[in-house]
Amino acid sequence: MLRRRPGSPTLEEVAALAGVGRGTVSRVINNAAGVKDTTRRAVQRAIAELGYVPNLAARTLAGRRADAVALVMTEPDWRQFGEPFFSEIVRPVGDALTETEVQLLLTLVRTDAERQRLVEYARGGRVDGVMLMSVHATDPLPDMLAEVGLPTVLLGRRSGDESVTYVDADNVGGARAAVSHLLGTGRRAIATITGPPDMYVAQCRLRGYREAMERAGVEARESWTVQGDFSADSGHRAMAELIERAPEIDGVFAASDTMAVGALGALRAAGRRVPDDVAVIGFDDFPLAQHTDPQLTTVRQPLEEIGHTMVRLLLEEMEEPSAAWRHVIHRTELVLRGSA
């Protein structure tokens, strides 16, 4: 899906206003020789009038490119680096760059100071583009990078009205399919363990849960929803809380595989059989889903395709900056195993 970037004029628009070609504008931006003073001034006036911000990658096409892109995890907790999701994305992103001359840099940004440092690092021409993952709703980093004209692609999005190019999975549809399956097997007291409420991915998976319950005419009681943070520990804590306050629970949709694994441990500790007493479904289809006891039924999001798409969009933006945001949403698939 393409959406026009309001307030972000293109190189072509500058050229049209100045009455010159695109290449002339590029030469003016790069301070190249061979441009008449009158032409240079006309281009500079057009840049000022339109508020055009030269794209860093475009400025380096003439041999000054850094030949490096950054994969940035915007997460305040270092422990998240140990979660499977990070490694499952790094691998396909790295694979997609193998056939290019582009180096992949990995970094973690947690504070305002680190955000500013990354922007200055990028502004200095040390990277040609950035991929961001684990972005929370109020994180200003995508906008900060856009303001300096750096090609940026998000894994996921901050809201339903995201203003930066992103690649995502169908989180609502995947969650809805998972809960519909539980309902179809006769479960009625179905709980959910959510992700952090300030992450749009968690909001979408919660919405899918609620939509499935509503369509089946089953009340989703408030006591059946407990918040986690996508970690196994939070899944264990949330499941223990559910067992205590809602012992009637016969099904659980956890918004990530790691939280589902934690939930399985809490159910086992409480003497609840899976799936006989409580059926469990996760989301992601990490390799660990096949090594639980019983194996975990889960929603597969195609992380390899997502990683490859992120790289493709970023490289395309580096070569030819677009005047539109591009939004790509990949389908999910329910994978049935022993836990449900």
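Reply: **Inside the sheet**

G282 stands opposite T298, a residue of β11. This is a predicted model, in which local features need pLDDT of at least 70 and side-chain atom pairs count only at pLDDT 80 or more, while totals for chains, interfaces and linings use all residues. Residues are numbered from 1 along each chain as its sequence is written, and side-chain values use heavy atoms, with hydrogens and water left out.

Start with the two strands. β10 covers residues 279-284 and β11 covers residues 297-300. Their pairing is parallel, over four bridges. (Two strands pair if DSSP finds at least two bridges between them. Strands are DSSP runs of E with at least two residues, helices are runs of H or I with at least four, and both are numbered from the N terminus.)

Now widen the view. β10 and β11 belong to an open sheet of six strands. The order is β8-β7-β9-β10-β11-β13, and the pairing is mixed. Which strands stand at the edges? They are β8 (225-227) and β13 (333-335). Each has a single partner strand, so one side of each has no neighbour in the sheet. On average, neighbouring strands are turned by 20° against each other, direction ignored. (Each axis is a line fitted to C-alpha atoms, for helices over the stretch in contact, and angles run from 0 to 180 degrees between N-to-C directions.)

Go back to β10. D284 lies in this strand. Its phi is near 140°, a positive value in a residue other than glycine. Is D284 buried or exposed? D284 counts as buried, at 4% relative accessibility. (Buried means under 20% relative accessible area, exposed over 50%, and partly exposed in between, with a 1.4 Å probe and protein chains only.)

Next comes the loop between β10 and β11. F286 lies there. F286 is buried too, at 2% relative accessibility. From F286 to R300 there are 14 residues in sequence and 8.0 Å in space, C-alpha to C-alpha. P294 is also in the loop between β10 and β11. The peptide bond that joins D293 and P294 is cis, with omega about 0°.

The loop between α11 (257-269) and β10 holds P275. What is the form of the peptide bond from V274 to P275? That bond is cis, with omega near 10°.

The loop between β8 and α10 (232-245) contains F230. Phi of F230 is near 75°, again positive in a residue other than glycine. F230 is buried, with a relative accessible area of 16%.

Which of them gives the most? α9 does, with three residues. The pocket holds about 520 Å³ of space. (On a 1 Å grid over the protein atoms alone, a pocket is an open set of points where a 1.4 Å probe fits, with protein on both sides within 12 Å along at least five of seven lines; lining residues have an atom within 4 Å of a point. Points are joined across faces, edges and corners, and the volume is the space filled by probe spheres set on them.) By class, the lining has 14 nonpolar, eight polar and seven charged residues. (Ala, Val, Leu, Ile, Met, Phe, Trp, Tyr, Cys and Pro count as nonpolar, Asp, Glu, Lys and Arg as charged, and the others, Gly among them, as polar.)

β6 runs parallel to β5 (residues 152-155), and two bridges join them. L154 has Y166 of β6 as its bridge partner.

One last stop is I306, in helix α12 (residues 303-319). I306 is buried, with a relative accessible area of 0%. I306 and G156 are 150 residues apart in sequence, yet 9.8 Å apart in space, C-alpha to C-alpha.
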